[in-house]
Structure formats: C-alpha cells, structure tokens
Amino acid sequence: MDALIKEFRAAYAAERGNDLAKTLTPDLTESPDRLLAIWNSGGPQSIKDDLKFLFFRDKSAQLRMSREEGEGWQEIYFTYWKALGEILAVEGRRKDGAKSSWTKVYEAWKEFTSQIIRGYTNHDFENWTIPCLYVAGRYMRLYAIRADAERSANGGADDAVTNFQDDFDPETEKHKSLEDCARQLNRIFNTCLSDRAPLAESRKWGIYYAINLLFKTYFKLNSASLSKNVLKVLSAGRGDMPDFDSFPKSQRVTFKYYEGVLAFLEENYVEAEKHLTLAWQMCHRDATRNLELILTYLIPCHLLTTHTLPSAKLLEPFPRLQKLFLKLAVAIKEGDLRAFDQALTDGEDEFVKRRIYLTLERGRDIALRNLLRKVFLAGGFAEAKEGEAPVRRTRVPVAEFSAAMKLSGGEELDADEVECLLANMIYKNLMKGYIAHERGIVVLSKNGAFPGTGV
Amino acid sequence: MSWTSSVPPPPGAAYGYSQSAYPSQLPYFPPSPVSGSLPVALDTSSPSPQHPHLGLTADANRTLQLATTAFTPVPVRTGGFGQPFAQPPHPNLYAAPANPPQTVNAASAPGSTQHQHPQSEQKIDWPDSVRSYVQRSFETKNLIPGVSREEMQTKLKETISHARDSGIMYTTDWDNMPLPQVLVQSERLQALTGFGRIGGVADAMERAQSQPTSKKRKSSDLSESNPMTPGRSLKGPSLQDRISQPSSDQSSGMDAPLSAKSKFQKQAEKRQRRFDGGYKSTYRSPSPPPSTGPVVGTCTDLEKRYLRLTSAPKASMVRPEHVLHQTLDLLKKKWRKESNYNYICDQFKSLRQDLTVQRIRNDFTVSVYEIHARIALEKGDLGEYNQCQTQLRALYAMGLKGNPVEFKAYRILYFIHTANRTALNDAIADLTTADKEERAIKHALNVRSALALGNYHRFFQLYLDVPNMGAYLMDMFVKRERLAALANMCKAYKPDLKLRYITEELAFESDAEAAQFIIDQNGQELLQEREDSIIFLAGNAKFLFETARSEAFRRVDLKGQI
C-alpha cells in the first residue's frame with residue numbers, strides 16, 4: 001500500500017492525471033505481481049489504518065490537500081483494494097485460493113466507481129484527475145459484460161422477482177449487469193456535464209470519453225436509440241462546452257464514428273456521411289480496424305447519396321471489406337441484377353449483423369438504373385435532322401426494358417411490374433422522362449435521361 | 001380484362017374486408033388438447049354450435065369444442081366480476097373479515113371446483129417434501145409472532161388436506177410453498193387491505209366462524225348494517241377498484257348506506273379507508289421475507305381482474321398453472337361467445353401476470369401469449385400485440401413449442417408498419433435458413449423487399465394473398481402505401497391512366513373504391529369521365545399525393561413499442 005500511495009503522491013504533486021489513473025488500474029496482464037502485492041499488504045482493518053496514516057498523519061508527505069479531498073481518496077483506495085481482492089480471486093491468483101465471480105467483481109468495481117464519482121461531487125476533486133473516471137468506467141463496462149456472460153453460461157441464475165412487471169423482460173435478464181453499468185456510466189456522463197466551473201477547470205473535458213463509453217454500451221445493449229438522448233443533451237449544452245476540436249483526436253474520431261452510425265441507423269444518410277467522413281479523415285492511418293469500421297458504413301452511405309462505389313484501390317488494405325462489398329459493387333456497376341441479388345443473399349448474414357443490409361438492398365435501384373441505361377444506349381440514335389447533332393432515340397418501348405430485365409434478372413416480369421419499376425426510376429430521379437401507359441412506351445428526356453451518368 | 005377475377009366484389013363481410021385479402025382460417029387457438037391433468041369430468045359428446053364469428057372455420061370450431069367440453073359441468077360465473085351467484089345469505093357474512101382461510105375456501109367454493117372429495121378417506125403415503133414442510137412449519141425460527149400455534153396448525157391442516165383432496169399433493173412445490181404461518185399472516189393482511197376474496201358458502205361460513213374479533217374496517221361495519229347484499233365484492237374487486245370505479249353491485253353494498261352523504265364525504269371516507277388499510281398493512285405485518293423461489297399460487301378462481309403489481313405477489317392471489325389452464329379454456333369460450341375485448345384483454349393480462357410471477361415458462365405460456373396476440377391483432381390493439389410478440393420471441397428462443405413461423409412473420413409485418421428499421425433488422429437476424437423457406441415468412445420478407453424497392457405492383461399482389469392473420473397487420477399500412485404508389489405514378493405517368501388500372505395495381509375492390517380513395521385526397525379534378533371509362537389524370541396531380549404520402553408516413557403509430 002505504501003508504494004501505491006507514493007505513486008499517488010508523485011502523480012498528485014505533478015498534477016498528472018494519467019499517472020494518477022495508472023495507480024488505479026485493475027489490469028492484471030500488465031503487472032500481476034504488483035497488484036497481488038497490494039492486495040496482500042494487509043486485511044481490511046490494517047489497510048484502513050494504513051490509508052488513514054498515509055493520507056492524514058504521514059509527516060513525510062507534503063501534499064496540499066484538504067481534509068475533505070483526502071477522505072475521498074482514502075475511500076477510493078480502500079474500495080480499489082477490495083475490488084482487487086475479487087479480481088485476483090476470480091482469476092485464481094489469490095494465495096488463499098479464494099474464489100469469486102465476475103458478478104462480484106462487477107459489484108466491487110461499481111462501488112469503487114461510485115466512490116470516484118463521489119470524489120467529484122463531495123470531495124472537491126479537480127478536473128485534471130478525470131482520467132481516474134476513465135479507468136473506472138472502462139473496466140466497469142468490461143466487468144459487466146463478463147458478469148452477464150458468466151450468468152448466462154451458468155444457465156441464468158433466477159433470482160427473486162425484483163420488479164413487478166407483468167411480462168418477463170428477456171433483454172434485462174440477459175444484460176442485467178450491463179444495463180446497470182449503463183446507468184452508472186450515465187452518472188459519469190452527468191458528473192462531467194453538470195460541472196459549472198470555468199472551462200479551464202471543468203470536468204466537461206471528460207465528456208466525450210464518457211459519451212463514447214455510453215455509446216459503446218448502448219450499442220451492445222441493442223438500444224442504440226438511447227444514444228440519441230445523449231446527443232440531445234449534448235447539443236443543448238453545446239454553448240458551454242469546450243471547442244470540439246480541442247478534445248483529443250482519439251475521442252473525436254470515436255465520437256464522430258458513433259454519431260455517423262446513429263444517423264445511418266435513422267436513415268439520415270447525408271448526415272451520416274458527413275460525420276463518417278470526418279471520422280475517416282481524422283482516423284489514424286494505422287488503425288486498420290477502425291478505418292474498416294468507418295468504411296463499413298461510409299460505403300453504403302456513398303452508394304445512396306452520391307451513387308458512388310468504392311474503388312478496388314480503396315478496398316485494397318481491407319480484405320474483409322473486399323469480401324463484403326466487392327461483388328456487390330461489380331454487380332451494380334454492370335447492371336447485373338442476378339449477380340446483385342446473389343451477392344446480397346451471399347452476404348446477407350454479415351450485412352444484417354452489421355445493420356447495413358436494408359441500406360445495401362437499395363443499391364439494386366442503381367444496378368437497375370445502369371441496366372436501363374444500357375438499353376437506352378443500345379437503342380442508338382434517332383434519325384438526325386439535317387445540320388443538327390444526332391439525338392438518341394428517346395422513345396423506348398416498355399417491352400425492350402422488359403426484355404433486358406428478364407435477361408439480367410433471370411425472372412419473367414409482367415408488363416405491369418416492369419412499368420412499376422420504371423415508374424420508380426422516374427420517381428427517384430434516377431431516370432428522366434415519363435411512361436405513356438396506353439402506348440406502352442417510355443418517353444425519355446432528350447437531355448440527360450439518366451442524370452449524372454453522362455447521357 | 002382479367003381484373004374482374006383478381007378483384008372480387010366486396011363480400012359484404014361485417015368487417016368490410018376483401019375475402020381474398022383474408023385468410024380463410026383464423027387459427028386463434030391452436031388445436032392442442034386441453035391439459036389432461038384436469039380433474040374435471042369431460043363431456044366430450046356435445047358439439048358446440050356454429051358460431052357466426054369471422055373466420056370461424058372447421059379448424060377453429062374443433063378447438064372451440066375442446067374448449068367447451070373441457071369445462072362443461074362447472075357453472076361458470078358470467079359477466080365479469082363480483083357478479084352474484086347462488087349463495088345463501090349468511091347473517092355474519094361480513095362480520096369478521098380478518099383471517100379468511102382462503103386457500104381451502106376457494107377450492108371448495110361452488111363456482112370453481114366441486115369435484116374433489118371422494119378419495120379423501122384413503123390412506124395417504126405422505127411424500128417427503130410434505131413431511132419436511134410440516135417440520136419446517138414447527139421450527140421455532142420460522143414462527144411468526146402474532147400467529148398462534150393453533151392458527152398455524154389449522155392452516156397447515158387445511159393446506160395439506162386441500163392439496164391431497166385436489167390431487168396436487170405430488171405436483172405442489174412444497175419446498176417453495178409459503179409456510180402456514182406466512183399464509184395466515186398474508187390472509188390477515190388481505191382481509192385488512194380489502195384484498196380478501198369471499199369464495200362462496202363455505203368461505204363465508206369459515207369466515208364467520210374463524211375469528212370473532214375483527215380488525216375494524218369501515219366496509220365491514222357498513223355491511224353489517226346491510227347484511228342482505230349477497231353478491232358484494234364476491235371475489236376480489238381490489239381495493240383500487242373499489243376506490244376508483246365502484247360498480248353497480250358494489251354500490252349496493254358499500255355506497256348505499258352512504259347515499260345520503262355528499263360526494264365529498266364519500267370520497268373522504270374512501271380515502272380514509274384506503275389509508276387505514278395501507279397503514280395497517282405496513283404496521284401489523286411487515287411483508288414476509290422474500291422466499292427463495294418464485295411464488296406458487298394457491299388461488300383457484302378462474303377469473304381475476306388485472307391489477308398492476310406494486311408489491312410482491314401473494315400466493316393466495318395467484319393462480320397455479322393447473323387453474324390457469326382452466327382459465328384459458330374459459331376465456332377462449334367467452335371470447336367466442338361474447339367477443340368482449342376489454343374483458344378478454346384484462347383477463348389475459350392477469351393470466352400473463354400469474355404466469356410471470358410464478359415464472360412459468362413452458363408450452364402453455366407460449367399458447368397464452370399466442371392467443372392473446374391473435375386476439376389483440378384482430379382488434380387492432382397493437383400495444384398488447386407487441387407486448388405478446390416480444391415475449392413470444394424470447395419464449396421461442398428458449399426452444400418452446402408453438403407457432404414461431406406464424407409469429408416471426410407477423411413480427412416482420414409489424415415492424416414494417418411501425419417503420420422501425422432497427423427492429424426489422426433484428427427480426428431478419430432472428431431468421432434461420434429454414435425459416436426463410438416457410439411460406440408465411442417468405443411472404444413477409446417479400447412484402448418488405450417489395451416496399452424497400454418501391455415495387456408497389458408486387459406489394460399489392462402480396463396484399464391479396466396473406467397467410468394467417470397477417471392481413472390485419474397489412475391493413476394498417478396499406479393506405480399509406482397506396483398514397484406512396486399514387487405519388488409515384490403521378491410523377492411517372494403522362495398524360496393519364498385508366499382508373500381501372502389504378503384499381504388493379506393498388507388492389508382496390510372496385511373502381512368505385514379507388515375513385516373514392518382519390519376523392520378523399522381531394523383529387524376529384526383528376527378524375528374524368530370518357531366515353532367508355534373513367535380516366536385518372538396522373539400528369540396533373542403535381543404534389544397532391546406526395547404531400548399526403550409524407551404526412552401518412554410521419555404518423556406511424558408507435559404505441560406499445562418497447
């Protein structure tokens with residue numbers, strides 16, 4: 001304990017938040033022996049006494065810290081010590097061979113987290129210490145996920161009915177700890193948000209870290225829509241917030257990514273494209289996985305907003321994305337309906353998992369547009385009037401389109417359905433012109449029958 | 001033209017739906033046999049009469065028979081709650097409401113299960129679980145101050161003999177059965193708070209005999225002055241009911257003596273009463289310590305009003321599974337006979353609640369939710385429907401039997417209606433490869449993709465041929481899709497279209513209906529009569545339908561969304 005508090009003092013004296021947070025890490029992979037030593041340095045009572053001594057009576061320490069704040073830290077280290085006990089036990093590292101469960105670890109860590117939050121609300125912690133909140137939140141989420149997994153592996157311990165709902169809630173039972181964790185993270189978020197201190201000393205600097213953790217949790221809980229509330233609160237308080245650009249880049253990239261995906265899920269593709277593009281530009285070029293994630297949503301966005309497809313070169317560094325999108329892109333480009341349908345079916349499971357299936361499906365419109373455009377081009381030119389540039393044949397019988405669709409899609413469509421699909425093209429501005437139903441022909445615009453494609 | 005055959009004339013059905021759009025069978029109730037464990041004599045001979053209910057077909061009638069026959073000999077109370085049934089007035093009926101031993105009373109009440117005494121003289125081989133239950137009852141640490149040993153013993157006897165008589169001794173979960181002292185205590189509590197049920201003659205007798213001193217309560221004093229009101233608060237209109245919506249039979253018992261008082265006074269007294277009850281309940285008996293397992297019900301009433309739980313459920317207010325089986329049969333029968341949705345929905349909710357608090361999750365649970373979902377669907381109660389659907393999804397995921405294909409298909413259609421893309425995505429993610437080959441699911445997926453690609457032609461063809469009860473769901477969004485299609489057509493077609501073409505493409509039942517639809521959108525100028533037909537001037541519509549379309553899509557009803 002002595003050594004730990006010495007580290008604390010050093011970090012505290014230098015006001016280095018990250019170093020301070022390091023003294024509170026529960027990560028066993030880094031220095032298991034160190035954590036074990038901390039745990040073994042005494043029983044609950046002696047640890048309490050030690051901490052009291054170290055924070056209040058130790059003459060060798062020269063920390064300028066109010067009694068209030070000292071009490072806060074003392075409590076934090078005590079709960080940290082307790083949580084370490086559970087963590088070491090669940091990993092089977094304790095010398096006394098004690099066992100534990102992830103649920104217990106989660107509860108212990110939650111208490112630790114509450115203690116840190118209390119530090120800000122009751123013990124006047126300064127804002128440079130926020131990295132401690134980060135450590136707390138980050139591991140709390142991990143432990144919650146493990147606790148849930150552990151419970152479901154054990155066949156879901158049915159504990160007593162705690163709520164009086166008429167129906168059981170399958171989601172709650174599956175994600176009990178994580179849902180609880182989301183509430184705790186929300187507390188962290190509010191702790192950061194509600195600080196009214198001047199910006200230089202405000203906890204608002206912690207807000208994006210907290211939000212990103214919350215988003216991550218909400219997505220995992222399958223309730224991404226809850227993130228919207230966070231965004232609402234954020235935009236309401238935007239005036240009092242530090243400039244977005246002055247936050248660390250890593251936090252900005254993550255935030256923009258989530259903001260983009262949220263807009264994407266709401267089918268607001270223009271907005272989504274904006275955020276995702278920002279994320280894409282800021283993302284570190286070696287963060288392949290993150291780049292891949294951003295592209296997973298950015299590519300479908302582009303397909304719908306600008307009807308553009310990823311080039312082979314763009315996809316080159318991402319074999320996984322190639323597998324996802326390449327076949328589809330080729331089919332769209334060729335106007336090959338059958339290939340498109342096949343590619344969509346082949347990738348369906350993965351697309352659905354990534355929530356891009358319903359978006360990609362709309363790419364069929366573009367494939368169809370390209371096919372119809374081919375028909376139009378194949379129609380050649382009408383007889384040019386003397387002295388004028390030749391004009392393409394703009395009156396195309398529905399039957400010609402029908403034949404093309406049959407060839408490309410492999411299934412026979414009746415004339416009404418073909419007309420319906422043509423009407424759609426016109427309605428969506430993918431094709432300009434009109435259908436003369438009685439005569440069975442499509443009259444295409446003389447200038448730009450297929451907007452944006454050069455004809 | 002082929003249109004006459006594909007668009008049949010309106011069949012004049014009560015609901016005004018096109019026959020072709022509706023399934024010829026509405027399988028409300030799965031034809032599963034009624035639980036064989038019921039000790040009720042089965043009268044299998046009497047076939048039920050054909051009921052003129054929409055979609056009641058041979059298949060459904062078969063289940064109706066089962067439903068009816070499972071329950072014939074029991075005179076069922078009809079018409080809701082607190083209804084009087086034959087019961088001789090007892091002078092002391094309301095004198096001593098404290099401590100009614102309900103478990104047994106309810107079982108021997110004439111209204112529920114009258115059939116179980118013949119074997120009571122036999123030698124009984126007591127199961128170990130019962131022995132240990134008895135043992136536990138007498139353990140000092142389990143004694144509750146205020147409940148005397150005699151009371152406890154009486155209760156214990158009652159409980160066990162009831163279990164023996166009704167043949168549930170071997171099925172009862174004795175390890176989780178509340179101890180007799182706890183039962184006594186909770187019954188007292190109920191009597192005090194007005195949750196007590198008066199099950200019938202035996203009940204009333206016992207009530208009169210049991211405790212001479214009563215914890216005073218206004219309603220009992222009142223009723224003493226008016227002992228001849230036989231039906232009052234027979235089986236539980238709860239406290240809340242009585243406070244918020246006194247029904248006619250209650251008013252005879254409770255409000256009549258007060259009739260001279262002002263409304264305000266009455267309310268004040270009611271408030272006082274509520275206060276008394278609430279106060280005593282917390283003061284006299286701290287709620288029993290939470291038992292380790294879920295509650296096991298002991299209530300044998302078939303019907304129970306739905307009340308949202310605000311505290312841990314009491315065993316005496318909860319019906320065990322075998323009773324719930326009978327309840328379901330009764331409800332099925334009543335639904336066919338009376339089609340009173342408010343009543344049925346209320347009953348199903350309490351049924352679901354009883355299942356939940358006892359944590360019963362089995363094939364029976366599935367059938368309860370399925371039936372409620374179908375009824376809610378027919379009545380357009382999407383909120384309830386969605387609750388059932390959410391449960392069903394989880395229940396199927398547990399591997400329970402039921403009709404997952406049918407409901408997975410509904411689920412897709414439902415999320416199309418609510419335009420919930422995230423949920424729709426999840427619904428698709430739930431499907432297995434085998435699921436996707438099922439007709440109903442294939443149909444729902446096709447509906448989805450037709451809409452996603454704006455293929456209204458295919459969409460309306462799918463609308464004309466919906467498996468199961470999917471048409472009820474499709475009806476919810478067919479109007480907005482018609483608007484969308486018209487918006488589409490008006491932009492794409494020039495100069496005009498025959499009205500008949502619209503009728504066919506958008507699956508209207510007749511030209512008249514199509515014309516009416518257009519006129520309803522203020523599109524009368526777009527209709528023009530020519531020599532041989534009516535023409536729709538698509539090219540002149542401008543943004544008429546476009547505006548209506550975006551309006552319709554904005555108002556997606558999200559009621560009951562979780």
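Visitor: How much area do chain B and chain A bury between them?
Guide: About 4300 Å², with 48% of it on carbon and sulfur atoms. Buried area is the accessible area (1.4 Å probe) that two parts lose on being put together, summed over both. On the chain B side, R359(B), R421(B) and L453(B) lose the most area to chain A, together 17% of what that side buries.

Visitor: Where does the model come from, and how are things labelled?
Guide: This is a predicted model, where local features need pLDDT of at least 70, side-chain atom pairs count only at pLDDT 80 or more, and totals for chains, interfaces and linings use all residues. Residues are numbered from 1 along each chain as its sequence is written, chains are lettered from A and ligands numbered from 1 in the order in which they are written, and side-chain values use heavy atoms, with hydrogens and water left out.

Visitor: Back to the two chains. How many residues are in contact?
Guide: 47 residues of chain B are in contact with 46 residues of chain A. Contact means heavy atoms within 4.5 Å.

Visitor: And how many salt bridges between chain B and chain A?
Guide: Seven. A salt bridge is a side-chain nitrogen of Lys or Arg within 4 Å of a carboxyl oxygen of Asp or Glu. Helix α17 (residues 421-429) of chain B gives the most to the side touching chain A, with seven residues. Helices here are DSSP runs (H or I, at least four residues), numbered from the N terminus.

Visitor: Which salt bridge does E348(A) make?
Guide: E348(A) pairs with K436(B), at 2.9 Å from N to O. The pair crosses between chains, from helix α18 (residues 348-353) of chain A to the loop between α17 and α18 (439-452) of chain B.

Visitor: Is E348(A) buried or exposed?
Guide: Buried, at 12% relative accessibility. K436(B) counts as buried too, at 18%. Buried means under 20% relative accessible area, exposed over 50%, partly exposed in between (1.4 Å probe, protein chains only).

Visitor: What does D349(A) form with K436(B)?
Guide: A salt bridge, with the closest N and O atoms 4.0 Å apart. D349(A) lies in helix α18 of chain A and K436(B) in a loop of chain B, so this pair joins two chains. D349(A) is exposed, with a relative accessible area of 60%.

Visitor: How many salt bridges over all chains?
Guide: 49. One of them joins R364(A) and D341(A), at 2.9 Å from N to O. R364(A) is in helix α20 (residues 363-378) of chain A and D341(A) in helix α17 (residues 337-346) of chain A, so the pair ties together parts 23 residues apart in sequence. R364(A) is buried at 15%, while D341(A) is partly exposed at 26%. Elsewhere, E107(A), K110(A), D180(A) and R183(A) are linked in a network of salt bridges.

Visitor: New topic. How many residues are in the largest nonpolar core?
Guide: 238, and W73(A) and W109(A) have the most contacts inside it. A nonpolar core is a set of buried Ala, Val, Leu, Ile, Met, Phe, Trp, Tyr and Cys residues joined through side-chain atoms within 4.5 Å.

Visitor: What does W73(A) touch?
Guide: Beyond residues up to four places away in sequence, its partners include F8(A), Y12(A), F55(A) and F125(A).

Visitor: Last one. Where is T25(A)?
Guide: In the loop between α2 (17-22) and α3 (32-40) of chain A. T25(A) is buried, with a relative accessible area of 12%.
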